[in-house]
Amino acid sequence: MTASPEADLAARIAQHFHNETRPLGIAVSGGSDSLALLHLLAEWGCAPLRCVTVDHQLRKASAGEAAQVAQICAKLNIAHDTLTWDGWHGQANLAAEARRARYALMADWAVLHGLAGIALGHTRDDVAETLLMRLARRAGVDGLAAMSPRRAEGRITLHRPLLEVRRADLRLYLDVRGAEWIDDPSNSDGRYRRTQARIALDALAPVGVTPDALADVAQHMREARATLGYYAAAEAKALAQIQHGDLLIPAAPFAALRPDIARRILSAGLRWINGAGYGARGPDLDRLMAGLAAGQGGTLAGCRVTAHAGTIRLAREYAAVRQVCAAPGALWDARWCLTGPSSPGAQVRALGPEGRVFCPKWRESGLPQSSIEASPAVWQGADLIAAPLAGYPNGWSARLCREANDLQAMLLSH
């Protein structure tokens with residue numbers, strides 16, 4: 001006997017979350033996909049739930065839509081929060097900037113409320129549309145690969161339990177409950193690429209290029225990406241070494257790697273240094289790879305990459321951390337923790353060229369001048385108190401809160 005559509009959806013939720021009992025967040029815009037996820041998780045009922053809506057303030061109706069989601073949550077006895085974004089200044093790519101802002105806001109929100117993860121309503125249709133859009137951008141394996149059902153994002157996990165479900169099935173599920181969803185007018189605005197992709201999919205259906213077919217292709221590409229990541233992680237484990245926060249890779253073995261494997265290691269190495277959630281743009285990575293092949297380096301994504309004496313060095317760029325400051329004991333540049341004697345009013349900042357001149361023993365570290373100047377130091381106003389990596393500890397120590405295993409994990413996870 002075949003299970004009912006509702007039972008199938010419920011089973012997918014239970015299979016994805018298993019026996020999860022930790023508090024879980026849900027991102028709900030009010031559209032059919034996220035609203036169906038909200039109802040499914042409410043009926044699942046195994047973990048305490050908290051809902052969030054991000055209002056990008058790009059449409060007059062957005063605040064009312066967030067309030068509508070709040071009302072639905074109140075009826076389901078689920079706490080709801082609205083987060084607002086006002087960071088759009090008419091520059092760069094609106095969709096990309098809004099997406100980055102949305103995920104950053106939600107991640108901070110999840111940590112604030114002690115949530116183990118955030119559930120997102122992405123569907124099989126989203127996978128197909130994304131693949132089609134990325135085909136137009138001539139994306140490679142990673143760009144064409146399907147989204148992962150689970151993905152670590154800092155201290156939380158993003159959950160996508162509906163990736164194998166069609167949007168039409170979720171709307172039928174809502175219709176049965178008499179639940180009305182919000183139709184965002186931008187979803188039918190032909191100026192947006194995702195809308196154009198949906199129109200293109202309708203046109204391609206007669207030749208068999210359907211959402212299901214494209215979603216299957218994206219799944220195959222995800223498997224290929226995982227395989228490449230596995231071999232890249234193994235090579236990185238064998239080659240990469242850490243020197244006081246810099247990443248060192250022997251140039252000859254790196255040059256002998258298959259280009260895609262080398263590129264993955266380089267991209268992950270940059271993220272290992274700068275802590276970014278996403279890698280550098282493909283064309284920029286290609287230029288850096290070409291430079292390394294010619295024995296040259298460059299700067300990219302806040303990192304300085306050099307090739308000297310048979311070694312490729314990935315290090316933090318001073319310009320990227322010049323304005324970064326933190327309290328002693330707190331994370332500086334998302335990877336260093338400096339501790340020492342009580343020093344009221346002290347701050348952790350980059351050593352810089354002005355601090356290096358007060359550290360005559362800095363060469364004993366083995367680090368190049370550029371790395372030393374980008375290293376963390378303790379300042380009290382304009383006075384240098386300590387620079388542990390530059391041979392001037394003065395009772396202070398610097399701990400790198402990132403390990404070689406983290407580099408391998410970056411290559412294995414997507």
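R304 is in contact (heavy atoms within 4.5 Å) with G298, T299, R313, L314, A315, R316, E317 and S370, leaving aside residues up to four places away in sequence. The model is predicted, so local features need pLDDT of at least 70 and side-chain atom pairs count only at pLDDT 80 or more, while totals for chains, interfaces and linings use all residues. Residues are numbered from 1 along each chain as its sequence is written, and side-chain values use heavy atoms, with hydrogens and water left out.

**Residue R304**
- R304 lies in strand β10, residues 303-308; strands are DSSP runs of E with at least two residues, and helices are runs of H or I with at least four, numbered from the N terminus.
- R304 counts as partly exposed because its relative accessibility is 36%; buried means under 20% relative accessible area, exposed over 50%, and partly exposed in between, with a 1.4 Å probe and protein chains only.
- R304 and R316 are 12 residues apart in sequence, and their C-alpha atoms are 5.8 Å apart in space.

**Helix α3**
- Helix α3 has 14 residues (62-75), which at 1.5 Å a residue should span 20 Å, and its end C-alpha atoms are 20 Å apart, in agreement; the expected span is 1.5 Å times one less than the number of residues.
- The buried residues of α3 are S62, E65, A66, V69 and C73.
- Seen down the axis of α3, these buried residues fall within an arc of 100°, so they line one face of the helix; the arc is that of the directions from the helix axis to the C-beta atoms.
- The buried residues of α3 pack against α2 (32-44), β2 (49-55) and β3 (79-84).
- Exposed residues Q71, A74 and K75 sit on the face of α3 turned away from its buried side.
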